[in-house]
Amino acid sequence: MRQGSDPADAAPKPALRAIPPGLHFVSTPIGTARDITLRALDVLAGADVLVAEDTRTLRHLMEIHGIPLNGRPVIAYHDHSGEGQMQRIIGLLAEGKSLAYASEAGTPLISDPGFELARAVAAAGLPMTAAPGPCAAVCALTLSGLPSDRFFFAGFPPSAQGARRSFLEDMAGVKATLILYESPKRLAALLAEMAATLGGARQAVVCRELTKRFEEVLRGDLATLAEEVATREIKGEIVVLVDRAVPAEVTEESIVEALDTALRSMSVKDAATFVSQTLGVSRKIVYRIALDRSQG
Ligand code: SAM
């Protein structure tokens with residue numbers, strides 16, 4: 001059989017379904033072009049107007065998947081496009097048109113434009129939906145082996161040193177797996193700063209080039225990862241994940257220490273309640289120790 005003549009070789013053609021009026025957020029691949037849902041292809045094939053953070057990237061993706069433009073307009077939009085462009089989009093939606101919006105890669109709004117648009121469309125009471133799909137943060141969490149019951153997506157840390165330090169300090173006590181995006185140039189510095197702020201023993205994972213040819217997942221504690229990354233050239237796109245802090249072991253000594261501090265400004269009752277809640281130990285035990293301390 002001639003190569004390519006087997007129907008099974010052909011990429012599934014998107015169904016040419018009518019797309020309902022309204023704004024359709026479309027998630028696009030974060031690497032491998034085939035990571036796109038059939039519904040996303042339907043929306044791109046059927047929307048009246050295509051809107052993109054980067055119109056060239058969207059045209060290229062549509063070419064790869066054999067979706068013709070058929071003369072449909074492709075307009076650029078990002079969160080700094082200005083009021084005029086926003087009003088143009090709202091106007092088209094108010095006319096009953098269907099619009100597909102895709103950011104450069106992955107899920108719109110996730111460290112990507114789309115938030116201002118979603119807010120304006122919601123405020124105008126116009127229809128809006130999403131064709132969900134790839135997102136680097138979720139893909140990295142899936143591969144990390146870190147707890148996924150609760151996670152905190154922090155986006156890109158600020159690049160200015162002071163803002164960066166307080167950003168990391170704010171995350172020290174978050175009881176969830178932390179997920180950050182970072183540029184490869186700043187990765188070594190970020191890991192070293194996190195080791196200093198969050199503690200070098202915290203378990204962490206670095207995911208690089210997800211879904212692409214050179215996909216790589218590095219695991220270790222923050223101190224070890226910081227050292228490893230400092231000794232090699234890191235390229236590509238990066239997600240950093242950090243496990244939550246392991247609660248320190250509570251001993252009679254640590255209860256006494258916490259109580260002595262609390263008793264300087266609180267009554268015995270209040271100090272016992274505060275310390276039992278902070279350390280997660282029985283109030284009865286803490287109260288007995290507090291009484292002894294206050295009487296002794
Ligand atoms: N909207 C995208 C999403 O849903 O993940 C994120 C866009 S943000 C501008 C780009 C950042 O996402 C990159 O700098 C990197 O931190 C992360 N990222 C995107 N694609 C990735 C990939 N294939 N592997 C690892 N990280 C990726």
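Which helix holds His60? Select residues 55-64: this is helix α2, and His60 sits in it. (Helices are DSSP runs of H or I with at least four residues, strands are E runs of at least two, and both are numbered from the N terminus.) You are looking at a predicted model, where local features need pLDDT of at least 70, side-chain atom pairs count only at pLDDT 80 or more, and totals for chains, interfaces and linings use all residues. Residues are numbered from 1 along each chain as its sequence is written, and side-chain values use heavy atoms, with hydrogens and water left out.

Stay on His60: its relative accessibility is 48%, so it counts as partly exposed.

Next, select helix α4, residues 115-123, and colour its buried residues Leu117, Ala118 and Val121. Looking down the axis of α4, you will find them within an arc of 100°, so they line one face of the helix. (The arc is taken from the directions from the helix axis to the C-beta atoms.) Show β1 (22-26), α3 (83-94), β4 (98-102) and β5 (128-131) too, as the buried residues of α4 pack against these elements. (Contact means heavy atoms within 4.5 Å.) Just after α4, stop at Gly125, which has a positive phi of about 65°.

Conventions: Buried means under 20% relative accessible area, exposed over 50%, partly exposed in between (1.4 Å probe, protein chains only).
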